[in-house]
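Subject: Handing over the two-chain model

Hi there,

Here is the structure I promised to pass on to you. Please have it open beside this message while you read.

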Amino acid sequence: MSAKDGKAKRQAKPTVEDFLGAAPYANEAMTVTPARDGGALVSIPMKRPNWLVPPLSWVIPFSPHRRVKLDAVGYGVLKLCDGKRNVETIIEEFAESNKLSFREAQLPVTQFLRQMTQRGLIVIVGTEKKAGIR
Amino acid sequence: MAAGLERTCWREMQVDHPAQWELAVANQAETPGRLTFSDRRHHRLDIKWRSIKYVPDLDLVLTRYKRRSKEDKIRYSDLSAAPSPWKGVVRKAADGTVVHAVRFYRDCRLLTDVAIVWPGRRDVGLEKSLLDSVRPRVEDGEQLLWQAMGLSVHCPVGWDLRQSSRNVGRIQWDFHKMVANDKIDRRAGMVRVERIAMPDALLTGRSVRDWLVDELPAGFHALRQRTVPQGRHSADELVSAAKRGLAARLTGNQQMMLDMAWLCPVEGRIYHVQFSQTRQDEEIALPESWQVNCCKAAPVVRASRNAG
């Protein structure tokens, strides 16, 4: 496979089928502190940016951790992101536990997975055979 | 209705479709009629309809469609398996088949166009029963059934669904009474019906009764609360009134609101019916013939994985 082919393959937009078959993995470096209300406080270690050196670091605050507070529903979904379940299975389990139809559950779960990916809590890995977006 | 099928009644049209095909698109008021159903991966059924004054020549429509298809080098064949008087074509795609069928309902002058997508094998039996079930909706005595998105409401004839919204687990329909020239009768008030999923997340430990009070819009105050029977359940009812402004004091009018909510244990959903009206007294009651149907069994999600 040439470099050009590889680039084209990486840029291919994943289909619904690809996304449903992909598996979310939780960030192993994060620490989860369960809360009393069923939610959790998730802390993710952050790498200090290379440009954040004195004197900039004296005036720009930097926290070595990013904290994300999840409610009970969100924490429930995060617990399902174990790398063994794919997105479709997570949506199914979420729908069954909340008495929702598949489409009703699909939108909130996919939006939540996207937000968790942006915040670094999880990473979604597509299977190379199906998605070509590894 | 055949087993395994679910009925959707939306505006002028009704259709029986597989329960796994969920409603993805439904037209709003004053827009051309449209219903689109999809399963987990594909759009499966698209129904479009519009009212026309003349009687269309469907053969001419099909001839033009075939000519265009030939020009675009699209493979097609005549739809021979459709129940009469449906006419149409079957288009071959790379990984499936698309069936286009068209029919004109003379009584209500509705031109209806249906597209059915078969990603794998074409199910001619299901296709026939789908086309057979597509028909203009009929009034049920003095009531009209609206059934879609998991909500099922019998409303009095003369009321129309003017606005609908579907947020995460929350379906909301707003009905208004219509008068001549398709105008809203503001004096008759508005009925809002909501179906809310995940009640634990919504109530956060409160009772439905307390939730109703907390949900009151700004400027409204509760007047009285009671429990009323609602089908097999008991509903909490709350009557509230808006604070009167100067104009309202002069005219004697007051914005009144009646809220009714109950938790359906079978569905695990909260149903909320709200009737708001400008009145001169405080005796507000939901107009007769309104009926909100609940107790529909929860969907079996895993069973729908490879269905259709």
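Below is what I found in it, chain by chain.

Please keep in mind that this is a predicted model. For chain A, the mean pLDDT is 85, and 87% of the residues reach 70 or more. The stretch to treat separately is residues 130-134 of chain A, where the pLDDT is below 50. Even so, this stretch has 18 contacts in the model beyond near neighbours in sequence.

**Chain A**

Chain A holds six helices and five strands. Their order along the sequence is α-α-β-β-β-α-β-α-α-α-β. Of the 134 residues in chain A, 24% are buried. If you look at contacts with a separation of 6 or more, 61% of those in chain A link residues 24 or more positions apart.

Just after H5(A) comes Lys99(A), with a positive phi of about 55°.

Chain A also has a cis peptide bond to look at, between Pro54(A) and Pro55(A), with omega about 10°. Pro55(A) sits in the loop that runs between strand E3 (40-45) and helix H3 (56-59) of chain A.

**Chain B: domains**

Chain B is split into domain 1 (5-138) and domain 2 (143-293). Taken over C-alpha atoms, the centres of these two domains of chain B are 35 Å apart. Their contact involves eight residues from domain 1 of chain B and 10 residues from domain 2 of chain B. On the domain 1 side, E1 and E3 of chain B each supply at least two of the residues that touch domain 2. The largest share of that side, four residues, belongs to E1(B). By type, the domain 1 side divides into five nonpolar residues, two polar and one charged.

**Chain B: strands and hairpins**

E3(B) also takes part in strand pairing. Strand E3 (residues 22-26) and strand E4 (residues 33-38) of chain B pair in the antiparallel sense over four bridges. In this pairing, Glu22(B) is found opposite Ser38(B) of E4(B). The hairpin of E3(B) and E4(B) has six residues between the strands, and Glu30(B) in that hairpin takes a positive phi near 60°.

On from there, E4(B) is joined by six bridges to strand E5 (residues 43-51) of chain B, and these two strands run antiparallel. One pair to pick out is Leu35(B) with its bridge partner Ile47(B) in E5(B).

**Chain B: backbone details**

A cis peptide bond, with omega about 5°, links Ser84(B) to Pro85(B). Pro85(B) is placed in the loop between strand E6 (76-78) and strand E7 (87-93) of chain B.

Arg11(B) is a residue other than glycine with a positive phi, near 50°. You will find Arg11(B) in the loop between strand E1 (5-10) and strand E2 (13-18) of chain B. Is Arg11(B) buried or exposed? Arg11(B) counts as buried because 20 other C-beta atoms lie within 10 Å, and the cut-off is 20 or more.

Cys295(B) is not a glycine either, and has a positive phi of about 70°. Cys295(B) belongs to the segment after strand E21 (291-293) of chain B. With 11 other C-beta atoms within 10 Å, Cys295(B) is exposed, given that the limit for this class is 12 or fewer.

**Where the chains meet**

Last, the interface. How many residues of chain B are in contact with chain A? The contact brings together 16 residues of chain B and 16 residues of chain A. On the chain B side, these are seven nonpolar, four polar and five charged residues.

Over to you, and happy browsing!

Best wishes

Methods
Residues numbered from 1 in each chain as written. Chains lettered and ligands numbered in written order. Predicted model: local features only at pLDDT ≥ 70, side-chain atom pairs only at ≥ 80, totals over all residues. Contact = placed C-beta atoms within 7 Å. Nonpolar A, V, L, I, M, F, W, Y, C, P; charged D, E, K, R; others polar. Pairing = 2+ DSSP bridges. pLDDT = per-residue confidence, 0-100. Domains from an automatic or database assignment.
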